[in-house]
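Morning, everyone. Let me put the model up, and then we'll walk through it.

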Amino acid sequence: MFEQSISTLATKLRNKDISSVELTRLFLDRISKLDPQLNSFITISDELALQQAKAADTLLASNKGTSLTGIPIAHKDLFCTQGVLTTCGSKMLNNFVPPYESTVTSRIQQAGAVMLGKTNMDEFAMGSSNENSFFGAVKNPWNLNKVPGGSSGGSAAAVAAGLAVAATGTDTGGSIRQPASFCGITGLKPTYGRVSRFGMIAYASSLDQGGPMAKSAEDCAHLMQAMAGFDEKDSTSSETPKEDYLANLNAPLTGLKIGLPKEYFGEGLDPKVADTIMSAVKEFEKLGATVKEISLPNLQLSIPAYYVIAPSEASSNLSRFDGVRFGHRCDDPKDLLDMYTRSRAEGFGTEVQKRIMVGTYALSEGYYDAYYLKAQKIRRLIKEDFVKALSEVDVIMGPVAPTTAFDIGSKTDDPVAMYLEDIYTLSVNLAGIPAMSVPAGFADDMPVGLQIMGNYFAEAKLLNIAHQFQQNTDWHLQTPTLAKGA
Amino acid sequence: MDWEVVIGLEIHTQLSTKSKLFSGAAVGFGAEPNTQTTLVDLGMPGALPVFNKEALRMAVMFGHAINAEIGIHSVFARKNYFYPDLPKGYQTSQMDHPIVGKGHLDVLLDDGTTSRIGITRAHLEEDAGKSLHEDFQGMTGIDLNRASTPLLEIVSEPDIRSAKEAVAYVKMIHSIVTYLGICDGNMAEGSMRCDVNISLRPKGQKEFGTRTEIKNVNSFRFIEKAIYTEIERQADILEDGGKITQETRLYDAEKNETRSMRSKEDANDYRYFPCPDLLPIELTQEYVDDIKASLPELPSHKAKRFQSEYNLSEYDAHVLSSSREMADFFEAANSATKDPKLTANWVMGELSKLLNQAQLEINQSPVSASAFGKLLARIQDNTINGKTAKDVLQAMWNGEGSADAIIDAKGLKQVTDTGAIESMIQAILDANATQVEQYRAAEPDKQKKMIGFFVGQVMKASQGKANPGMVNPILAKLLKG
């Protein structure tokens, strides 16, 4: 039951083959059995989940609701959920229960989905391994010695292990795609502005984007139906009408022009990952696509540009965590400065403090032009690279990450090696285009994700391409042994 | 040493929008703490700003009023610093691309000369909340009702050369923003606050001296006094061969002194950068032009029209047009009298005197413009004389009714019957035979002075009701004998 798709489960719920309460209990049981090994949840909202499941059953009984009604899912713990602890993986928000609901979780709730709980993540979404969580590292269900990727590592691990049908994630520099790749699930980072950021705790506002993480492209499409669309509460959300993400899943891929950027296949890429990606590309050729080599010449610059822009915005976004109105406040502050410095030093972990300092430095008088402005110029160049490439091809494909999931603790002492993990994902956020990670095979028994990048607001096209691939392969149907054990 | 003072002003004007600059919370003064706030004003995690377009319209109106370049492309930037009443840890403001660019104002000074003051820019920004230090047993309370209230910060060039000029400039800005209806102009409640930058330099020197900034001065009188005080302080230091420290100072009105708040070394590095939560504002020329076409008549235009249309002096026209309410009152009253000089004298004279005594603004006058106009019409048609009119105005002020009702009730109508006046005068002359003898014996020069005695007696006998225009010729005739 836990391996089934949203469409199948929705049919079973409608046919009363199973109730939402039963389905929810099934997943809550799996969480209590398996999550102690994975640590993918920070909060399990079982009571609320069962309430929502009951309400869903009532709706289903009168034949109302949507395809998500009664489906148990999980939310990354940076979406504010009314009345439910929202920590952002940080001690700073260890005690924060929002009196409001994010637009994403609110829309999914309105579609009738059941929230099982809130998933673990790198603190304030800063990290590529989920080792930067105040609530401890998350384990990869395929191999408990490996990281699940980050920052949406909890969501990826939970979906891969069958602890939730699907989950939400957010992607600032690869935080949906890389963990999806490491855990062998399907994830979509939508076009910047496609999904509302209201109620999503900000890391880097100009890069952050929420999106679905699920077992298949079709399941992602179901979530996008609910999540996507303009929100007047987010000034950067797009008024471009949202598409029907389910309608064109079965369109044939004949004539599809795929570009393979040579920069994505150069030094640093694990040859086994490269082989897996090339086999997947061949599958597309079988489906009628043509492939050509392209160039995204400024790829290398995406790392320095990202690690200036994202920390700069973060240094300002995280100023509100000052111990004054909510969140952690140090004991017995002796004056205002003491309250600020100790509350923040105690509340934020090392990686968050590091990025706040980098960003503060980059924005400082005398350095702004050399760092922030220069990074913005590079960002424009990267965007132009994609615009040019996407005028020649329909989509761009390549690996999501240079390697498969690495060992826990293996890169924590080498931040540059950790940052290099994001080389294939960062530029997508800088350009603002949508991209997916789709299970494409295994290397050394660990999943490999194929990245599919598309033009602005081409989410429906990406989902169609991924779905056609999944209709002809079964990589997305593989389940880790751990999941089968429960 | 002969010093020249150089002054530049930053005026924070609170825009009178219904809701805040980046949230739907109501804007208002005096509400219970933290009752006029939303998630956005409280800086809650994940809350996002949504720009209030009404504030934009108001800023563009102001830009037109000072003949400024309007920023077709303007950008919100974050000014980062920590303070307990700054909920997000940054103030959303504008830096490189303000909504209003270079403009200027022609300011009329007391000596009748006009001075052109350059305006560098005016930009939109949100206000901070308030820290409350009383009633919290040594702790600090935070009230965020004011957080995210829209401000237009108007920055002048260092073109101002005296305290009087500074005050005239601030008054002019005050008059423009209230004319435009974009600010209530209530300085006591902080709707207009002024930062004054002052430096001295030896007369003739081109380079500016080191400046100090006096923060948050909130009345015309305090601006003038603070400037005088600071000039004196700086001159004393310079005369003694000392140096001015670049710093922020506070004006203490009670002690009439400025004192240091923080020096340049303590100044924050605000780390301005474009706010990623707000898109740049892109205006169409049509939008900008439409606002220009719908601007109300501005004080300088109104003053010119009052001179040409009503034949008023430059001074009278300037005073009457200094506020929209005053100008409207004058024009409404004048529509009853059709005598601009008479109306102007009474608005600027008796009415202003009563308003000043009661510390009321003209829009709070208990006597309406039309009631006031009807009173003046009774002077024009000789029902009462000017002296009686002052008493009637006082009675109207006290709420005793209309001019006509008061004149009737108190029997104040002037005596205009020639026979009655003649017999009254004859009786007075008979009772003062000695004075009449002296008058008749005097030289014509002296007679002119002596006639006042008889006029006084007549007015006294008539209880002020004798029409002075009729008394004089009859008296002259009867005194001749």
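One definition to start. A nonpolar core here means buried Ala, Val, Leu, Ile, Met, Phe, Trp, Tyr and Cys residues, joined through C-beta atoms within 7 Å. Keep in mind that this is a predicted model.

Now the cores. The largest one holds 151 residues. Which of them touch the most other members? They are I73(A), L116(A), V159(A), A164(A), A166(A) and I452(A). Take I452(A). Leaving out residues up to four places away in sequence, I452(A) touches V395(A), M397(A), A435(A), M436(A), V438(A), L462(A), I465(A) and A466(A). There is also a second, separate core, with 69 residues. M58(B), L86(B), C194(B) and V217(B) are among them.

Next, the interface. Chain A puts 31 residues in contact with 25 of chain B. On the chain A side, α9, α10 and α11 each give two or more residues. The top contributor there is α9(A), with three. By type, that side of chain A has 11 nonpolar, 11 polar and nine charged residues.

On to chain B as a whole. It has 15 helices and 15 strands. Along the principal axes, its C-alpha atoms fill a box of roughly 95 × 55 × 55 Å. Buried residues make up 39% of the chain. Of contacts in chain B with a separation of 6 or more, 69% join residues 24 or more positions apart.

Last stop, the end of α15(B). This helix covers residues 468-480 and reaches 19 Å, close to the expected 18 Å. Just after it, G481(B) takes a positive phi of about 85°.

How values were computed. Residues are numbered from 1 along each chain as its sequence is written. Chains are lettered from A and ligands numbered from 1 in the order in which they are written. This is a predicted model: local features need pLDDT of at least 70, side-chain atom pairs count only at pLDDT 80 or more; totals for chains, interfaces and linings use all residues. Helices (H or I, at least four residues) and strands (E, at least two) are DSSP runs, numbered from the N terminus. The expected span of a helix is 1.5 Å times one less than its number of residues. A residue is buried if 20 or more other C-beta atoms lie within 10 Å of its own, exposed if 12 or fewer, and partly exposed in between; C-beta atoms are placed from the backbone. Two residues are in contact if their C-beta atoms, placed from the backbone, lie within 7 Å. Ala, Val, Leu, Ile, Met, Phe, Trp, Tyr, Cys and Pro count as nonpolar, Asp, Glu, Lys and Arg as charged, and the others, Gly among them, as polar.
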